[in-house]
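Me: I have just opened this one and would like to go through it slowly with you. Could you take my questions one at a time?

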Amino acid sequence: MTRIAPTVARILLGLVFLVFGLNYFFPFLPTPPMEGPAAAFAGALFATGYMFPLIKGVEVLAGALLLAGRFVPLALLLLAPIVVNIAAFHVFLTPGEVGMSAVFVALLAFLGYAYRGSFRGALDPNARPGA
């Protein structure tokens with residue numbers, strides 16, 4: 001793996017989440033209409049009053065961290081459940097629109113592999129609390 005590939009993947013993923021996260025707070029891109037179960041699910045999240053601001057706030061934070069190249073493993077950990085839910089949303093609720101979510105999963109998996117050394121402690125089955 002060359003050194004440029006993780007940088008390109010990090011910047012791409014960071015841009016996507018920063019832009020779409022900011023778009024929630026400052027709408028500058030059109031949002032395509034949804035219908036059926038996808039609309040019901042998104043509507044339920046929106047109706048809570050806190051879920052979308054929380055998700056989008058995390059997206060903005062993680063996207064900014066990825067673009068800055070700071071705390072990248074933390075940003076990847078923050079984005080992992082969001083990316084899993086984006087993928088599940090498209091697989092189960094909009095099956096014909098899986099393409100971009102597959103790209104997000106691939107970028108996140110690639111970056112997780114590229115930064116795998118940073119996750120060694122979290123994946124230690126015998127981890128003990130520190131002193």
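Me: Let's start with lysine 56: buried or exposed?
Reply: Lysine 56 counts as buried because its relative accessibility is 15%, where buried means under 20% relative accessible area, exposed means over 50% and partly exposed lies in between, with a 1.4 Å probe and protein chains only. This is a predicted model, in which local features need pLDDT of at least 70 and side-chain atom pairs count only at pLDDT 80 or more, while totals for chains, interfaces and linings use all residues. Residues are numbered from 1 along each chain as its sequence is written, and side-chain values use heavy atoms, with hydrogens and water left out.

Me: Where is lysine 56, and which residues does it touch?
Reply: Lysine 56 has its place in helix α3, and helices here are DSSP runs of H or I with at least four residues, strands being E runs of at least two, numbered from the N terminus. Setting aside residues up to four places away in sequence, lysine 56 touches Phe20, Gly21, Tyr24 and Phe25, contact meaning heavy atoms within 4.5 Å.

Me: And what does leucine 18 touch?
Reply: Leucine 18, which lies in helix α1 (residues 4-25), is in contact with Glu59, Val60, Gly63, Ala64 and Leu67 once its neighbours within four places in sequence are left aside. Leucine 18 and valine 60 are 42 residues apart in sequence, yet their C-alpha atoms are 4.6 Å apart in space.

Me: Stepping back, how many helices and strands does the protein have?
Reply: There are five helices and zero strands, so the order of elements from the N terminus reads α-α-α-α-α, a helix being a DSSP run as described above. The C-alpha atoms fill a box of roughly 50 × 35 × 30 Å along the principal axes.

Me: What share of the contacts is between residues 24 or more positions apart?
Reply: Among contacts with a separation of 6 or more, such pairs account for 68%. As for burial, 28% of the 131 residues are buried.

Me: How do α3 and α4 pack?
Reply: Helix α3 (residues 51-68) and helix α4 (residues 72-92) pack at an angle of about 145 degrees with their axes 9 Å apart, the axes being lines fitted to C-alpha atoms, for helices over the stretch in contact, and angles running from 0 to 180 degrees between N-to-C directions. Residues that meet there include Ile55, Val58 and Leu61 in α3, and Val72, Ala75 and Leu79 in α4.

Me: What sits in the loop between those two helices?
Reply: Phenylalanine 71 lies in the loop between α3 and α4, and phenylalanine 71 has a positive phi of about 50 degrees although it is not a glycine. Most residues other than glycine have a negative phi. Phenylalanine 71 counts as exposed because its relative accessible area is 55%.

Me: Moving on, what about serine 101, buried or exposed?
Reply: Serine 101, found in helix α5, counts as buried because its relative accessibility is 2%. Not counting residues up to four places away in sequence, serine 101 touches Ile86, Ala87 and His90.

Me: What about alanine 88?
Reply: Alanine 88 has its place in helix α4 and counts as partly exposed because its relative accessible area is 28%. Alanine 88 and tyrosine 24 are 64 residues apart in sequence and 21 Å apart in space, C-alpha to C-alpha.

Me: Last one, where is alanine 122?
Reply: Alanine 122 lies in the segment after α5 (99-114), and alanine 122 counts as exposed because its relative accessibility is 68%. Alanine 122 and proline 27 are 95 residues apart in sequence and 37 Å apart in space, C-alpha to C-alpha.
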